[in-house]
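Open the model in your viewer and keep the selection tool at hand. The stops below say what to pick next and what to look for there.

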Amino acid sequence: GTEVMANASVMWGSRIGRDCKIFPSAVVGAIPQDLKFKGEETLAIIGDRTVLRECATVHRGTASKGKTVVGNDCLIMAYCHVAHDCLLHDHIIMSNAVQLAGEVVVDDYAIIGGGCLVHQFTHIGAHIMLQGGTKVTKDVPPYAIAAREPMQYCGINSVGLNRRGFTREQIEAIQDTYRI
């Protein structure tokens, strides 16, 4: 059920799940842009029902982790880059031109606005919202909204939490935790 459209490249070392859509000029499984890479056998893994839009790239892992993973039900929009050894969990949305450096971890339901630049080894928590154009140079805790330059925390993502079925009491508990 996966559709690989014209001019998309699925290279050696790629593993693609069910019912995915890989749009024209997307590249999955290219060797990493890491000088430590010495040709080892590594993987680029795409989960089920994930969409990679035009010119998105997902590179293979290195000896560090051995694989780059994009989870299930993700939307990776045009011109996004997922570098070596990244781990993207499920239900992630990356708007146009998001650039993830190597070994970034993105937890479930994260929404990353267009043009965000994410530094290597950064961890982005679950249910966050990053404003477009944000330069992410430090970890983003779960449930937060982050924005501005330099990046600042701007409260919790209460709209996103509400849309995902969190109760008012749960959202208030998260807000209280952040206040403390």
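Start by selecting A63, in the loop between strand 8 (57–59) and strand 9 (67–70). Strands here are DSSP runs of E with at least two residues, helices are runs of H or I with at least four, and both are numbered from the N terminus. The model is predicted: local features need pLDDT of at least 70, side-chain atom pairs count only at pLDDT 80 or more, and totals for chains, interfaces and linings use all residues. Residues are numbered from 1 along each chain as its sequence is written, and side-chain values use heavy atoms, with hydrogens and water left out.

**Stop 1: A63**

A63 is exposed, at 65% relative accessible area. Exposed means over 50%, buried means under 20%, and partly exposed is in between (1.4 Å probe, protein chains only). Beyond residues up to four places away in sequence, A63 touches E40 and T42. Contact means heavy atoms within 4.5 Å.

**Stop 2: V70**

Move along to V70, in strand 9. Is V70 buried or exposed? With a relative accessibility of 0%, V70 is buried. Show its contacts outside the four places on either side: I45, I46, G47, T50, V58, I76, V82 and L88. V70 and Y153 are 83 residues apart along the chain, and 26 Å separates their C-alpha atoms.

**Stop 3: L88 and the cores**

Select L88 next. Setting aside residues up to four places away in sequence, L88 touches V69, V70, G71, I76, V82, M94, L100 and V106. L88 belongs to the largest nonpolar core, which has 35 residues. Such a core is a set of buried Ala, Val, Leu, Ile, Met, Phe, Trp, Tyr and Cys residues joined through side-chain atoms within 4.5 Å. Which members touch the most others? They are L88, M94, L100 and L130. Colour strand 6 (43–46) and strand 21 (144–147) too; each supplies at least two residues of this core. Apart from this core lies another, of five residues, including I156, L161, F166 and I171.

**Stop 4: H127**

Go to H127, in the loop between strand 18 (123–124) and strand 19 (129–130). H127 has a relative accessible area of 10%, so it counts as buried. Display its partners, leaving out neighbours within four places in sequence: D108, Y109, A110, Y143, A144, N157, L161, R164 and F166.

**Stop 5**

Most residues other than glycine have a negative phi, and most peptide bonds are trans.

- Y143, a contact of H127, has a positive phi near 75 degrees. Y143 is found in the loop between strand 20 (135–136) and strand 21, and is partly exposed at 25% relative accessible area.
- S25 has a positive phi of about 70 degrees, although it is not a glycine. Find S25 in the loop between strand 4 (21–22) and strand 5 (27–30). S25 is partly exposed, with a relative accessible area of 37%.
- The peptide bond from E149 to P150 is cis, with omega near 0 degrees. P150 lies in the loop between strand 21 and strand 22 (152–156).

**Stop 6: Y178**

Select Y178, in helix 2 (residues 168–179). Y178 is partly exposed, at 36% relative accessibility. Its contacts, not counting residues up to four places away in sequence, are P141, P142, Y143, A144 and I156. Then pick G155: 23 residues from Y178 in sequence, and 8.1 Å away in space, C-alpha to C-alpha.

**Last stop: zoom out**

Clear the selection and show the whole chain. How many helices and strands does it have? There are two helices and 22 strands. The radius of gyration is 16 Å, close to the 16 Å from the globule rule for 180 residues, so the chain is as compact as a globular protein of that length. That radius is taken over C-alpha atoms, and the rule is 2.2 Å times the number of residues to the power 0.38. Along its principal axes the C-alpha trace spans about 50 × 35 × 25 Å. Buried residues make up 44% of the 180 residues.
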